[in-house]
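Trainee: I would like to go through this model term by term. Please set each value against its definition.

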Amino acid sequence: MLETYAIERLQALVGHEVVDTAGESVGYVDLVFVDDETGTPEWLGVWNGVWDTQPRVLVPLASVEEMGDELRIPWSKDVVRQAPSYDEDDDRGLFDDEAVIGISPEKEEAAHEHYGLERSSTSMSAARLRAWDHPERAGNRA
C-alpha cells in the first residue's frame, strides 16, 4: 500500500494513471496531500488530464495499490468523479506560502464520508493538509 511510502516516492507518482475497479482510467495523479502536523501522506489529488473539463478530486491514499505504472483504486469511476474536489485556488493562504494548495479539515471529513472511510488516528487532528507537488512542477503553481 502507498501510505507507507516516503513523500519523495509519492511525489514521483505525480502523472501516473489511476484506474478503477474495472480497469478504466479515472485520471492522473496531480498532487499528494500530506497532514501538515505529522507529515503523513493522506490523499492523492486526481484529475482527468484535460484542462478545464472536470474538477480535480480527492482519492484516499490508503486504498491505492501500485500496479506497474498504474495506480488501482477499489472504487468505480463514477464514485471517484463525485468525490470532493479541489482546485488550484482551494484554501490558499492557510499556510505561510501563498502558493500552497491545502485542504480544510471540513473538506477532508467530507472526503472520508464520501468514500465511507473512518478517519485514521493520524488524521484525527484539525490540521490542514498541504499539497506536495512534483518538485519540477511545484514552482509553476502561482
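Mentor: Start with the surface: the chain exposes about 7,200 Å², and carbon and sulfur atoms supply 47% of that area. Accessible areas come from the Shrake-Rupley method with a 1.4 Å probe, and for residues only the protein chains shown count as cover. The model is predicted: local features need pLDDT of at least 70, side-chain atom pairs count only at pLDDT 80 or more, and totals for chains, interfaces and linings use all residues. Residues are numbered from 1 along each chain as its sequence is written, and side-chain values use heavy atoms, with hydrogens and water left out.

Trainee: What are the elements of the chain, and in which order do they run from the N terminus?

Mentor: There are three helices and nine strands, in the order α-β-β-β-β-β-β-α-β-β-α-β. Helices (H or I, at least four residues) and strands (E, at least two) are DSSP runs, numbered from the N terminus.

Trainee: Why does Trp 43 count as buried?

Mentor: Buried means under 20% relative accessible area, exposed over 50%, and partly exposed in between (1.4 Å probe, protein chains only). Trp 43 has 2% relative accessibility, so it counts as buried. Tyr 115, at 6%, therefore counts as buried too. Of the 142 residues of the chain, 42% are buried.

Trainee: Why is strand S3 called largely enclosed?

Mentor: Seven of the seven residues of S3 (residues 41–47) are buried, so the rest of the structure largely encloses this strand.

Trainee: What makes S2 and S3 a strand pair?

Mentor: Two strands pair if DSSP finds at least two bridges between them. Strand S2 (residues 25–35) and S3 run antiparallel and are joined by six bridges, with Phe 33 opposite Trp 43. The two strands form a hairpin with five residues between them, and Gly 39 in the turn has a positive phi of about 80°. S3 also runs antiparallel to strand S4 (residues 56–60), with four bridges; Val 46 has Val 57 in S4 as its bridge partner.

Trainee: Which residues touch the most other members of the largest nonpolar core?

Mentor: A nonpolar core is a set of buried Ala, Val, Leu, Ile, Met, Phe, Trp, Tyr and Cys residues joined through side-chain atoms within 4.5 Å. The largest has 28 residues, of which Phe 33, Leu 44, Val 59, Ile 73 and Val 80 touch the most other members. S2 gives the most to this core, with six residues.

Trainee: Why is the pair of Trp 43 and Tyr 115 called tilted?

Mentor: Rings of Phe, Tyr and Trp (its six-membered ring) pair if their centres lie within 6.5 Å; planes under 30 degrees apart count as stacked, over 60 as edge-to-face and the rest as tilted. The ring centres of Trp 43 and Tyr 115 are 6.3 Å apart and the planes are at 40°, so this pair is tilted. Trp 43 lies in S3 and Tyr 115 in helix H3, so the pair ties together parts 72 residues apart in sequence.

Trainee: How do you know that the buried residues of H3 are on the same side?

Mentor: In H3 (residues 105–115), Pro 105, Glu 108, Ala 111, His 112 and Tyr 115 are buried. These residues cover an arc of only 120° around the axis, taken from the directions from the helix axis to the C-beta atoms, so they are on the same side of H3. The face turned away from the buried side carries the exposed residues Glu 106 and Glu 113.
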